[in-house]
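Here is a friendly tour of a protein model for anyone who likes to see the cut-offs next to the values. Please have the viewer open as you read.

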Number of protein chains: 2
Amino acid sequence: LHFCDRLVHRAEELLLELMTPAELDAYLAECRQLTLGEIKAIIPSERRYQSVLYELMLEYPLRAAKALRPALCIATCRALGGRLESVLHSAAVLELYHNAFLIHDDVEDGSESRRDCPTLHRSYGTPIAVNVGDAMLALALQPLLDNMRLLGMGKALRILQTVARMARESTEGQAIELDWIRNHLWSLNDTDYVRMVYKKTSWYTFIAPMIIGATVAGVPADVLTRIRKFAALLGVAFQIQDDVLNLVGDDRAYGKEAAGDLWEGKRTLIVLHMMRTASASERQLASAILRKPRPRSDAPHASELHTLLSALHADGALSTTARQQIATALERLAPGSNGTAKTHDDISYLLSLVDRHGSIEYARRVAQRFAQKAEILLSHATWIGPSVHRDFLQALVDFVVTRNR
Amino acid sequence: LHFCDRLVHRAEELLLELMTPAELDAYLAECRQLTLGEIKAIIPSERRYQSVLYELMLEYPLRAAKALRPALCIATCRALGGRLESVLHSAAVLELYHNAFLIHDDVEDGSESRRDCPTLHRSYGTPIAVNVGDAMLALALQPLLDNMRLLGMGKALRILQTVARMARESTEGQAIELDWIRNHLWSLNDTDYVRMVYKKTSWYTFIAPMIIGATVAGVPADVLTRIRKFAALLGVAFQIQDDVLNLVGDDRAYGKEAAGDLWEGKRTLIVLHMMRTASASERQLASAILRKPRPRSDAPHASELHTLLSALHADGALSTTARQQIATALERLAPGSNGTAKTHDDISYLLSLVDRHGSIEYARRVAQRFAQKAEILLSHATWIGPSVHRDFLQALVDFVVTRNR
């Protein structure tokens, strides 16, 4: 009986879950290997050139990563009956684009590490890093033109249009988010957030990869519309979970590197919920903190100097006047080290408000709702037959809201 | 008689010089206005969006500039019988690309001003500036796809291929130059320099604009080959003159902002000549200077602090030990402020070597030789009939080596 119970339970599991987390990982890993092979074919061999340019292009793609975008592109194409060889070019382009933007993002944010290794600009300097990113974007254009021969004019052109739109939507989404921060804007609701995320995340991470995969497979316009809707919902769920992961789990202990969204003053669903649920006085304090700049990357060295000045002053080795003179000059060298930038205590206070008002649970519920809507769309999808690729897309619905990485 | 003399002289002038400098400026200004109109049509109107993204895209293009690339593209197209309306899309794309790269370059180099105004990242912060550049590159793709309808598949595709190659060549050229600096390489000759500049400058500033203009006009392949050669020669002459301008004239007095090539340790024709003409001891000293990093942008504040520490120490307000402790912590905050970075004296010494060995005159002569070769090519060009547009190209040959801006 006990054995039978287990069998029944396993059968139920199989019905509910067509792909286990381990199988999902294996599917991602296989797509990643195929994409890396294609990327290596796109990047010219080093020997012809007098520089390390092409070697450095592989640095980020070769570091451990999910490679979600090419997997989505490949799975959608194959689930709709397209061939692997036809879609690999485009999948590789998506991964090249993504890694180029990661390099530029790291420069923008002055990040120290990426995928557990030093960022490119930290190892090779900012000019080389920015140039490697630009060169990856330059290389990404050629395979899209080669698609003309591979897929014919019509499909190749529609893929180019999709890439152009993807680049436009994501930079617009990014601009909206940066403007909210710059203008200290808080009169925002969840709809504003979802609109921004639709542009910033859905288009770039879900809509473009899936639409390109479907275009390669060659599906009618009404199917593209449904795919776009499914991808949009999944993208919003994915981004909310990203925001949640930024504030929970082990990372939370790291302070600066984790909770980066709070240091940057981002208007996540979590922060928006906290701000509208908080008391007037909490809200006032929180918004004062959120409008402070984040500390510069050299802040630890500056605060080390401040500590030293205090110690020397306490020992009588430094007069009050001399200490003030040095502190004033120091503030010109490292603005904000004086206490005008956000501190760890500030971030702890924001996290306590987020906890007190259940904002993370709220965000998780909203993410679940978006994922459920996507699941319903997929379960009604008669335009996509059964296959391991469809199973992957279905498993992904659960993955985007339960993942912890 | 006197009057006749003047007439003869004027006729000679007309034979030698088909376009006066003022007429050249007017031609450039007209092309610039046409290009700006097209750029404004490409950039979506602001009101649809909740951000300043599209407003900021116009900042750099609207600041005073020659807009050489779109003028070259338009002139080549029209000189070869193409229509203005057919080429404006592509000319505007070249200017968008160029200004996007300027924004990114300014971030890379931490530049304070561009075209006599503050750089975009200084006014709006690095994240917004990098995103505006990326968004301009994203927008540049759509008009190239619209070319399909305007010019037909064949021409539109060849223009896209040229843009892809331009982006690849210029990032490769950039990478070669950055690697030379990073690896402290001096075993370089003029041929290495010309090869690098062919990629970095000729392709981006001359070859792509002219080839695209000629493609729109629709010329046979052998004409494209001749145009590529003319443009390559002109590009090298242009870059050498750029290197010369970096070291001579009023700018020289400004120190850091001028002579930027020496601060960055670039391997220009001038520096290569100086290094191979200098005595062994001069060369050793010069190479030691050139391998030092350039000072960080906050160096003036750091040296202010060093001066303050010296003064406090001299007054007895700071013990030797305390001073050393503070200086050590300061070096961690602002590396190189200790004297490991290049100084103004270093740059003055390099400039004196450049003067002593006549390296600027040497570079000017080489630039002249490249311009002359280009002029000969154009004078033998039977594939290009007489027109104001041809006159502009001819006047440009002189302009690239005599310009002082």
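His344(A) counts as partly exposed because its relative accessibility is 48%; buried means under 20% relative accessible area, exposed over 50%, and partly exposed in between, with a 1.4 Å probe and protein chains only. His344(A) is found in helix H17 (residues 344-356) of chain A. Its C-alpha atom is separated by 9.2 Å from that of Trp263(A), 81 residues apart along the chain.

A word on the ground rules: this is a predicted model, where local features need pLDDT of at least 70, side-chain atom pairs count only at pLDDT 80 or more, and totals for chains, interfaces and linings use all residues. Residues are numbered from 1 along each chain as its sequence is written, chains are lettered from A and ligands numbered from 1 in the order in which they are written, and side-chain values use heavy atoms, with hydrogens and water left out.

**Chain A as a whole**

Chain A has 19 helices and two strands, where helices (H or I, at least four residues) and strands (E, at least two) are DSSP runs numbered from the N terminus. Its C-alpha trace spans about 80 × 65 × 45 Å along the principal axes. Of its 405 residues, 55% count as buried. Taking contacts (heavy atoms within 4.5 Å) between residues at least 6 apart in sequence, 76% join residues at least 24 apart.

**Salt bridges**

Over all chains the count comes to 39 salt bridges, each a side-chain nitrogen of Lys or Arg within 4 Å of a carboxyl oxygen of Asp or Glu. Here are some of them:

| Pair | Closest N and O atoms |
|---|---|
| Arg195(A) and Asp192(A) | 3.9 Å |
| Asp242(B) and Arg403(B) | 2.9 Å |
| Glu304(B) and Arg332(A) | 2.3 Å |

Asp242(B) lies in helix H11 (residues 221-247) of chain B and Arg403(B) in the segment after helix H19 (388-402) of chain B, so this pair ties together parts that are 161 residues apart in sequence. Arg403(B) is buried, with a relative accessible area of 4%, whereas Asp242(B) is partly exposed at 33%. Arg195(A) and Asp192(A) are separated by about one helical turn because they are three residues apart in helix H10 of chain A. Arg195(A) is exposed at 52%, while Asp192(A) is buried at 13%. A network of salt bridges links Arg165(A), Arg168(A), Glu169(A), Glu172(A) and Lys199(A).

**Where the chains meet**

How many residues does each chain bring to the contact? Chain A gives 62 residues and chain B gives 61. Together they bury about 5,700 Å², 68% of it on carbon and sulfur atoms; buried area is the accessible area (1.4 Å probe) that two parts lose on being put together, summed over both. Two salt bridges are counted between chain A and chain B.

**Aromatic pairs**

Rings of Phe, Tyr and Trp (its six-membered ring) pair if their centres lie within 6.5 Å; planes under 30 degrees apart count as stacked, over 60 as edge-to-face and the rest as tilted. By this rule there are eight aromatic pairs over all chains. Tyr27(A) and Phe392(A) are stacked, at 4.2 Å centre to centre and 20° between the planes. Tyr27(A) sits in helix H2 (residues 21-42) and Phe392(A) in helix H19 (residues 388-402) of chain A, 365 residues apart. Both Tyr27(A) and Phe392(A) are buried. Ring pairs also link Tyr97(A), Phe101(A) and Tyr204(A) into a cluster.
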